[in-house]
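Please read the following account alongside the sequence and the three-dimensional view. The text begins with terms, then follows the chain through its sheets, helices and loops.

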Amino acid sequence: MPEREYTASEAAHALGISLDTLRRWDRQGRIRVRRDSANRRLVSAKEVRRLRGQDDHALSARNRLEGVVREVKIEGLLAEVELDVTRGGRLVAVITRESAESLALEPGMTAKAVVKATSVMVER
């Protein structure tokens, strides 16, 4: 049975990005797509999982921090999510409101933070 394929707009929604971003990623080679007979972009479910960080081989273990949601503050278009990280410590992330709502984040539930920055700066 062949794996499900998403249209470009379905894949963009599943990834929490705009359709324009998906198109740009395609031009930049950051996402693997195939074209159907009408030249429309199709994205495999495997590729969506890879980009969402659900593919166990996509990211190194040190980039993924498991924890428990302590608090979610939603204001305007943004949400501030605070996690108590399992390895000790607390992590605060600012994400889009849409992402927080689609993940249905609530205090007490488990979640993972995926760090994609190459450095963190703290100044006093």
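Two strands are said to pair if DSSP finds at least two bridges between them. Helices (H or I, at least four residues) and strands (E, at least two) are DSSP runs, numbered from the N terminus. The model is a predicted one, in which local features need pLDDT of at least 70, side-chain atom pairs count only at pLDDT 80 or more, and totals for chains, interfaces and linings use all residues. Residues are numbered from 1 along each chain as its sequence is written, and side-chain values use heavy atoms, with hydrogens and water left out.

Three strands form an open sheet in the order β1-β3-β2, with antiparallel pairing. Because β1 (5–7) and β2 (34–35) stand at the edges with a single partner strand each, one side of each is left without a neighbour in the sheet. Strand β3 (residues 41–44) is joined to β1 by three bridges, and the two run antiparallel. Within this pairing, Tyr-6 has Val-43 of β3 as its bridge partner. Helix α1 (residues 8–15) packs on the sheet, where it touches β1 and β3; contact here means heavy atoms within 4.5 Å. The direction of α1 makes about 100 degrees with that of β1, where axes are lines fitted to C-alpha atoms, for helices over the stretch in contact, and angles run from 0 to 180 degrees between N-to-C directions.

Tyr-6 also takes part in a side-chain arrangement: Arg-4 lies over the face of its ring, at 4.1 Å from the ring centre. The criterion for a charge over a ring is that NZ of Lys or CZ of Arg is within 6 Å of the ring centre and within 35 degrees of the ring normal.

Arg-34 stands opposite Leu-42 in β3. The hairpin of β2 and β3 has five residues between the strands, and among them Asn-39 takes a positive phi near 65 degrees. Most residues other than glycine have a negative phi.

Which residues of α1 are buried? They are Ala-8, Ala-11, Ala-12 and Leu-15, where buried means under 20% relative accessible area, exposed over 50%, and partly exposed in between (1.4 Å probe, protein chains only). These residues cover an arc of only 100 degrees around the axis, which puts them on the same side of α1; the arc is that of the directions from the helix axis to the C-beta atoms. An α-helix has 3.6 residues a turn, so residues three or four places apart point the same way. The cover over the buried residues of α1 includes β1, α2 (19–28), β3 and α3 (45–51). Gly-16 follows α1 and has a positive phi, near 70 degrees.

In α2 the buried residues are Thr-21, Leu-22, Trp-25 and Asp-26. Seen down the axis of α2, they fall within an arc of 140 degrees, so they line one face of the helix. The face turned away from this buried side carries the exposed residues Asp-20 and Arg-27. Elements covering the buried residues of α2 include α1, β2, β3 and α3. Just after α2, Gly-29 adopts a positive phi of about 80 degrees.

Strand β4 (residues 64–75) is joined to β7 by five bridges, and the two run antiparallel. Glu-66 stands opposite Lys-112 in β7.

The loop between α4 (97–103) and β7 contains Leu-105. Is Leu-105 buried or exposed? Leu-105 is buried, with a relative accessible area of 15%. Leaving aside its neighbours within four places in sequence, Leu-105 is in contact with Val-69, Val-72, Val-81, Ile-95, Ala-100 and Ala-111. The C-alpha atoms of Leu-105 and Val-72 are separated by 7.1 Å, although the two residues are 33 residues apart along the chain. Ala-104 lies in the loop between α4 and β7 as well, and its phi is positive, near 55 degrees. At 42% relative accessibility, Ala-104 counts as partly exposed.
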